[in-house]
Each structure stands twice: as structure tokens, then as C-alpha cells.
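Please consult the following briefing on how the parts of one assembly are arranged. It is organised by topic for quick reference.

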Protein chains: 2
Amino acid sequence: MPPRVKKPPATAPARGDARAALLTAAHALVRRQGWTATSVDQLCREAGVTKGAFFHHFASKEALGVAAARHWDAVTAPLFAGAPYHRHEDPLDRVFGYLDFRAAIAQGAPEDFTCFVGTTVQETFASSDPIRAACDDTIRAHAAHLERDLGAAIERHPPRLEVTAAGLALYTQTVIQGGFVLSKAQGSNAPLLDALSHLKRYLSFLFQVPHDKETTHGERPR
Amino acid sequence: MPPRVKKPPATAPARGDARAALLTAAHALVRRQGWTATSVDQLCREAGVTKGAFFHHFASKEALGVAAARHWDAVTAPLFAGAPYHRHEDPLDRVFGYLDFRAAIAQGAPEDFTCFVGTTVQETFASSDPIRAACDDTIRAHAAHLERDLGAAIERHPPRLEVTAAGLALYTQTVIQGGFVLSKAQGSNAPLLDALSHLKRYLSFLFQVPHDKETTHGERPR
DNA sequence: ACCCATACCGACCGACCGGTATGGAGTGCG
DNA sequence: CGCACTCCATACCGGTCGGTCGGTATGGGT
């Protein structure tokens with residue numbers, strides 16, 4: 001066989017993938033054990049990459065943190081954008097669909113369904129402003145998607161109390177992040193699912209959803 | 001002056017205070033920078049104690065974490081038990097009073113009003129089950145206080161939907177913990193205050209509070 | 001006066017931390 | 001072919017990590 005080494009042996013990770021592999025490894029490891037507990041060496045091992053590659057692509061561990069926070073948005077945004085709930089014509093149905101989708105993907109161990117940026121920002125908000133800001137951006141960007149549907153829902157179904165789409169969108173993220181914390185503490189997705197259920201009742205009240213319609217939105221069976 | 005050394009020179013920390021000083025230091029440092037980022041040496045420095053004292057009182061850093069989680073309950077429970085909202089005769093008023101009290105103490109930087117156990121459990125839920133369990137206990141113990149008032153409120157003011165006192169109490173903690181996360185990300189107490197406001201509206205709806213009475217419970221002014 | 005448990009001290013340990021220095025393999029381009 | 005440049009590999013650095021250990025100080029009991 002002639003020595004055609006156009007590409008590495010195909011089993012080895014392709015050249016140029018180190019950066020992406022490190023970001024993916026960061027998401028996995030930090031979700032399980034936190035930001036500080038995740039070392040550069042460990043990240044390299046998980047990504048199948050050497051330390052030289054790490055510091056070639058990132059000036060510091062902090063720089064990786066910023067990039068990983070932005071990458072979290074890049075990987076989750078398509079997940080939600082491609083979810084089936086967007087086909088609902090009524091924006092309020094899309095909002096409920098989002099919450100049901102959130103419940104549907106809350107499967108497995110907490111480290112598999114909780115949020116990278118929520119975990120990271122709790123450890124870094126006082127020690128690294130670049131990471132904090134990147135996490136804040138990612139949370140806001142995610143909330144902004146929901147905010148559009150909420151704004152349209154407010155338009156179409158005038159709410160019982162004065163609320164803003166931005167405020168409701170952030171409240172939704174607050175409930176979800178809190179659900180992550182309690183779920184980690186209990187080692188179960190139950191607190192998150194319960195919280196989503198309560199949140200749906202709140203929105204049903206706000207938007208005056210008739211009871212028969214409300215239950216079709218996937219009230220969690222016991 | 002005769003050498004009466006009944007107690008150390010009064011400027012030095014009294015003998016026997018090392019343990020308490022370490023627990024207090026743990027609360028302060030971990031709230032600011034997280035569990036893993038807080039080293040044993042740093043704890044000793046903050047507490048004005050040597051490493052020998054640390055490992056005399058705690059078998060390991062993990063053991064300190066468990067003790068600090070339990071101590072968090074011991075220090076916060078009296079704070080809430082002594083709060084003025086308990087004097088309300090109507091249990092529902094006490095529930096709203098609790099939430100208003102929560103808002104009132106959300107002052108200063110996030111590290112000054114956020115939760116030690118919420119921060120700690122996020123980092124340790126997968127790596128230390130003793131710490132995770134201790135944090136879970138502390139959260140549940142705090143929720144249990146609220147659960148009693150919520151149970152009485154359900155009794156007195158039959159809710160519009162079927163809810164349980166335990167579920168509502170945990171949902172309250174979920175919202176608060178989520179408010180902490182968003183507040184850290186934004187560097188402001190605003191997300192927490194907004195979340196508490198939304199939660200109060202949900203409860204007002206559930207318990208069918210008349211609108212005029214609801215607003216007297218301290219709706220946050222803009 | 002003596003004993004002993006408790007409280008505390010601080011030097012020290014091997015492992016590991018984030019980060020650096022240097023060198024070399026692959027690649028596009030003239 | 002040669003050269004510059006990107007992408008990585010490896011050895012190594014000073015510092016810090018959680019934890020250990022031999023020792024001292026103190027105070028109460030007898």
C-alpha cells in the first residue's frame with residue numbers, strides 16, 4: 001500500500017478539531033463537577049488533546065470559559081430552534097410547547113440536563129468578569145427567543161396583570177435555573193418538572209387559558 | 001499586674017473558637033468564589049486559624065463542607081424565625097411576609113445575599129454525596145418551615161387548583177435559588193426581586209387574594 | 001503535683017495546578 | 001523546492017493543593 005498520508009489514520013482525531021473537542025469536553029466536565037474542579041489537564045485528556053493544543057487555541061483557562069459559554073449558546077440554540085413546538089400557530093402554544101420541551105429533555109442524571117452557563121457563572125461571577133458577562137449574554141440570548149413568542153402572546157391574549165415579555169422570559173429562566181439547583185440537590189429531575197408545572201399554571205392564569213385547553217398542553221401525569 | 005492568664009490576652013481569638021470561625025469563613029468565602037476555589041489554607045487565613053486547627057476539628061475538607069451546610073441551617077433558621085412576619089394571624093399573610101422578607105434581605109452584592117448550600121451543591125452533587133445530602137437536608141429543612149404556613153393557608157383559603165403545601169414550598173425555594181443564579185449573572189438583585197414578585201402573583205392567583213389586599217403585601221414599586 | 005484529654009501549631013509531603021518554552025510535522029504559496 | 005505559518009507535542013516551571021505528623025500549650029480532675 002502506497003504511503004498516502006493525505007489525512008491522519010482516520011482513527012486519530014482530525015487535525016483542527018482540537019478547539020471544538022475542548023469546548024465539548026468543557027461542557028461535559030463542568031456540568032458534572034463545576035468550573036474550578038475541572039482542570040486544564042483533565043480537559044485535555046477528555047478531549048484527547050495535549051496541553052500544547054489547549055494553549056495554542058486559548059490564551060488561558062479563563063479564555064476557554066468565555067468561549068465555552070458562547071459555544072453553549074451555539075449548541076443549544078439549534079436544539080431549541082429545531083424543536084417541534086415552533087409549528088404552533090398561536091404564540092402562546094409555542095410558549096407552552098417550549099416548557100413541555102424543557103420537561104421532555106430533562107432526562108437522565110442532573111449533569112446530563114443541567115446548564116453549563118448556570119453552573120459556571122455561580123463560581124465565577126465575582127472572580128472573572130469576562131466569564132460572568134459571557135454567561136449572562138448566553139442566558140439573555142436564550143431568553144430573547146422566548147421573549148418574542150411571549151410578546152406575541154401578550155398581544156394576542158391580553159394578560160390579566162400587567163407583565164412584560166422580557167420580564168416573563170427572564171422569570172422562566174429563573175424557574176428553570178432554580179429547578180436545576182434543586183434537582184442537583186435531590187439527584188432527580190422531579191424538582192425541575194414540578195417547577196415547570198407550576199410555571200405553566202402561572203402562565204395559564206395570566207393568559208386566561210380555559211381549563212380544558214390548558215390540560216392539553218401536557219400537564220404532567222402522576 | 002499579676003499574671004492572671006485565666007483567658008488569653010483578649011485580643012487573640014479565644015481558645016475553642018476555631019471551629020466556629022472556620023464555619024463562618026467557609027460561608028463567606030464559598031459564597032463569593034465557590035466551593036472548589038476555596039482552599040483549606042484560605043479558610044484558615046480568613047478564620048485566623050492554623051492548618052493544624054483545621055484538621056483537628058475536621059477530618060477533611062469534605063467534612064467541613066458537611067458541617068458548614070448544617071451550620072448554614074443553624075444560622076439562617078433563627079434569622080427567619082425572628083423575622084416580624086410571623087406575627088400575622090393569617091397563615092397566608094405569613095407566606096407573603098416571608099417572600100417580602102426575602103426581598104428585603106436581598107441587599108448588597110450577590111455574595112452577600114445568596115445561598116451557601118445552593119452554591120455548594122451545584123459543585124459537589126456528583127463528587128461528594130455527603131455534602132450533597134447535607135445541602136439537600138438544609139434546603140428541605142428551610143422549606144419545611146414555609147410548608148407549615150402554606151398548609152394552614154391551603155386549609156383556610158382553599159386554592160383554585162390542586163396543590164400541596166410541600167410542592168409549593170419547594171417551588172418557592174426553586175424560584176429563590178434561580179433568582180440567585182440570575183442575580184449572580186447580572187450582578188444585581190433585580191432578577192431575584194422580579195422573581196419574587198412573579199411568585200407572589202402566582203400565589204395571589206392560587207389563593208384568590210382580592211386585588212386590593214394583594215397590593216398591600218408590598219408589591220415592588222418601580 | 002501529676003496526668004491526660006483536648007486544642008492547637010507549623011513544617012513538611014507528593015500530587016497537581018495553570019502556564020511556558022521549544023521543537024517539529026503538516027500545508028498553502030510563490 | 002523553499003519558506004512561512006498554523007497546529008500541535010512534550011518537557012518543564014514555580015506555586016498551591018489537600019492532607020500528615022511530631023510536637024506544644026492549656027485546663028480540669030484527682
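The model is predicted. Chain B superposes on chain A with an RMSD of 0.0 Å, and 43 residues of chain B are in contact with 43 residues of chain A. Around DNA strand D there are 22 residues.

**Symmetry**

**Interface between chains A and B**
- The contact involves 43 residues of chain B and 43 residues of chain A.
- On the side of chain B that touches chain A, at least two residues each are supplied by α1, α6, α7, α8, α9 and α10 of chain B.
- The largest share of that side, 15 residues, is provided by α9(B).
- By class, this side of chain B has 19 nonpolar, 16 polar and eight charged residues.
- Because 100% of the interface residues of chain B are also interface residues in chain A, the copies meet through the same surface.

**Surface near DNA strand D**
- The closest residues to DNA strand D are Ala18(A), Thr50(A), Gly52(A), Ser39(B) and Lys61(B).
- Two or more residues each come from α1 (18-33) and α3 (51-57) of chain A, and from α2 (40-47) and α3 (51-57) of chain B.
- With four residues, α3(A) gives the most to this surface.
- The surface near DNA strand D has eight charged, eight polar and six nonpolar residues.

Conventions
Residues are numbered from 1 along each chain as its sequence is written. Chains are lettered from A and ligands numbered from 1 in the order in which they are written. This is a predicted model: local features need pLDDT of at least 70, side-chain atom pairs count only at pLDDT 80 or more; totals for chains, interfaces and linings use all residues. Copies are superposed by least squares on the C-alpha atoms of residues with pLDDT of at least 70 in both. Two residues are in contact if their C-beta atoms, placed from the backbone, lie within 7 Å. A residue is near a molecule or strand if its C-beta atom, placed from the backbone, lies within 6 Å of it. Ala, Val, Leu, Ile, Met, Phe, Trp, Tyr, Cys and Pro count as nonpolar, Asp, Glu, Lys and Arg as charged, and the others, Gly among them, as polar.
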